[in-house]
Each structure stands twice: as structure tokens, then as C-alpha cells.
Amino acid sequence: MTLCWIDGAPGDSLSVKDRGLAYGDGLFETILVKAGQPLLFERHLQRLALGGRRLALGLDLALIESECQGFAAQLVEGVMKLIVTRGDGVRGYAPATDARPRRILQGSPLPAYPAAHAEQGIKLFPCRTRLAEQPLLAGLKHLNRLEQVIARSEWSDTEHAEGLMRDTTGRIIEGVYSNLFLVKGGVLLTPDLSRCGVAGVMRGELLAQAEQINLPARALDLQLSDLQKADEVFVCNSVYGIWPVRRFEQHNWPLGPVTRKLQNLVRGLLDI
């Protein structure tokens, strides 16, 4: 049975008036739990706080932190999904002035990703679905993920472990459920996410780690041509860490030294 809390108490049902259901009015975080501890938790809370301010949700971050710690202790090991919605509302887009944010915690077993993804690298699928630009929501892990749902439905084979998503102008942005990095001439490059895309927790951690090890890093607009000219390519998220990218369409890359060095750092952070 899946472990689930609603507003700090065991439960598995919601009001049909919840604005998260009606409008996707809320945020979520997917957090790896090991030995009863939520990993990279401070970064998750920081992103949640940013989203809460942007959406004016009025989140009680101290309460959320406390509940997450207690939930993780019960889960022990697995993936903890935190969802916060604006709570119940009435018909219409305008939020009620007395809306109370709802907190939902769900626990799941660790996903069984093939070890080969990390050890030998993966192949990316070229998604046709494009990401729309919306600077007000850019970087946030908001509840409307229909673009990703549609993109993920584009392939069902086991040959592709992840898909590459671009925006409506053609810039490369991210994977369907990961962030993208390139290595070119010893410099770590990642797409700028000021117009669309999710600013992943692992992406932020890798940029911080790069600074600590004196690895030059830049976030900028990237095109398919930049991807094709890269020396190394990898994707990352806060659950599986780093997967090298070996192939995209007709393009191939080696498992390079920068990717391997960052993989070793991440393994220590995530205990994988």
C-alpha cells in the first residue's frame, strides 16, 4: 500500500473542489529518500519557496519541512512526492481570498532503472512536442505538466530512455524528466531556463559543484547545432543522478571524463 499523507495525516482522498485538480494551481517536488533522510532537501525547499512566492500560495514552509522530515522517516527509502495546491476553491479562475494551501505527500519505491543507463549511456528520442515560453512559470515545478505528458507518449520502445525537448523557437531546453548538459572545450554548458523549462535540483547542484572544482560553467541559449558539436552530453535529475547520452538521431558521443567526474561526485551525494 502506498504511503500517503494529506495535510499531515494519513489519507488518500481529496475534495473535488481542489484547485490543483481544476487548474493545476500548485507545485510539486520529487525527492529521493535514503535511510529516512530526504536528499538535496534544502534545494527542493528553495525551489518550492520560489514557486510559492511566484504563485502567491502563502506556504508555511516550516510546517512543510517538518512534515516532509516525518514522512521520510516513515518511508525510510524510496521517492517522496510533495504536492502543494492552493486548496479548495469555487468555480472560476480567481482564487478565494481565504484559500488554504493543501499539502500532499506520497511515497513510492525506488525506481528500477537499468544500471546500463548510468554505466554505458542512453539514447535520446527527438520529441516533436515543443515547450511554450512563459517567463512567469519558467524554472518552476508547477502542476501543469501536459507538455511533458504529450512528449512522453511519443515513444514506447526501450531503445530510448529519455526524450529531448525544444521550445517553440527551436532552442534545446531539457529532457522530458531531466535537465540537459553539454561539455565543449572543457566548459560545462546547460540551456538557459529563463523563458521555459524546469530548473532541476540536480542541475543547480551540478552548477554549484562545478564552481567548487573550478570547472567553467555557463547557462545560455543552445541550438541543435551546439548539441551536435558537443564533446560530451548528459542528462540529470535528483533521483537517478547522471546518465551520459551516447546517441541522438545520427549523432554519437563518448562517455567523456567530465561526465564521469561529475557522476562520481553525484554518486556520493545520492548514495547510488
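Visitor: What makes strand β5 and β6 a pair?

Guide: This is a predicted model. In it, β5 (residues 78–85) and β6 are joined by 7 bridges in the antiparallel sense. At least two bridges are needed for two strands to count as paired, so β5 and β6 qualify with 7. Val84, for example, has Arg103 in β6 as its bridge partner, and Leu82 stands opposite Leu105 in β6.

Visitor: How do you know that strand β1 and β6 pair, and in which sense?

Guide: β1 (residues 4–6) and β6 share 3 bridges, and the sense is antiparallel. The cut-off is at least two bridges, so 3 is enough. Cys4 has Gln106 of β6 as its bridge partner, and Ile6 has Ile104 of β6.

Visitor: How many bridges join β3 to β5?

Guide: There are 8, and the two strands run antiparallel. One of the facing pairs is Gly26 and Thr85, the latter in β5.

Visitor: In what order do the strands of the open sheet lie?

Guide: The 6 strands follow the order β2-β1-β6-β5-β3-β4, with antiparallel pairing.

Visitor: Why are β2 and β4 called edge strands?

Guide: Each of them, β2 (9–10) and β4, pairs on one side only.

Visitor: Why is Gln69 called partly exposed?

Guide: Its relative accessibility is 30%. Buried requires under 20% and exposed requires over 50%, so a value of 30% falls in between and Gln69 is partly exposed. Gln69 belongs to helix α3 (residues 61–75).

Visitor: Which residues does Gln69 contact, leaving aside its neighbours within four places in sequence?

Guide: They are Gln37, Pro38 and Phe41. The C-alpha atoms of Gln69 and Gly36 are 8.1 Å apart, although 33 residues separate the two along the chain.

Visitor: Which residues of α3 are buried?

Guide: Ile64, Glu67, Cys68, Phe71, Ala72 and Leu75.

Visitor: How do you know where they lie around the axis of α3?

Guide: Their arc around the axis is only 135 degrees, so they are on the same side of α3. An α-helix has 3.6 residues a turn, so residues three or four places apart point the same way. The buried residues of α3 pack against β1, β3 (26–34), β4 (37–38), α2 (41–55), β5 and β6. Just after the helix, Val76 has a positive phi of about 70 degrees.

Visitor: How does the reach of α2 compare with what is expected at 1.5 Å a residue?

Guide: From its first C-alpha to its last, α2 reaches 21 Å, close to the 21 Å expected for its 15 residues. The residue that follows α2, Ala56, has a positive phi near 55 degrees.

Visitor: What do the buried residues of α2 pack against?

Guide: They pack against β3, β4, α3, β5 and α6 (201–212). Among these buried residues are Phe41, Leu45, Leu48 and Leu55.

Visitor: Is His44 buried or exposed, and how do you know?

Guide: His44, in helix α2, has a relative accessible area of 1%. The limit for buried is under 20%, so His44 is buried. Not counting residues up to four places away in sequence, His44 touches Glu29, Thr30, Ile31, Leu39, Val201 and Ser238.

Visitor: How much space lies in the largest pocket?

Guide: About 960 Å³. The pocket is lined by 45 residues, of which Phe28, Thr30, Lys81, Lys141 and Arg145 are the closest to its centre.

Visitor: Which element gives the most to the lining of the largest pocket?

Guide: That is β5, with 4 residues.

Terms used. Residues numbered from 1 in each chain as written. Predicted model: local features only at pLDDT ≥ 70, side-chain atom pairs only at ≥ 80, totals over all residues. Heavy atoms only, no water. Buried < 20%, exposed > 50% of the residue type's maximum accessible area, 1.4 Å probe, protein only. Contact = heavy atoms within 4.5 Å. Arc of directions from axis to C-beta. 1 Å grid on protein atoms, 1.4 Å probe; cavity = no way out; pocket = protein on both sides within 12 Å on 5 of 7 lines; lining within 4 Å. Points joined across faces, edges and corners; volume = space filled by probe spheres on them. Expected span 1.5 Å × (residues − 1).
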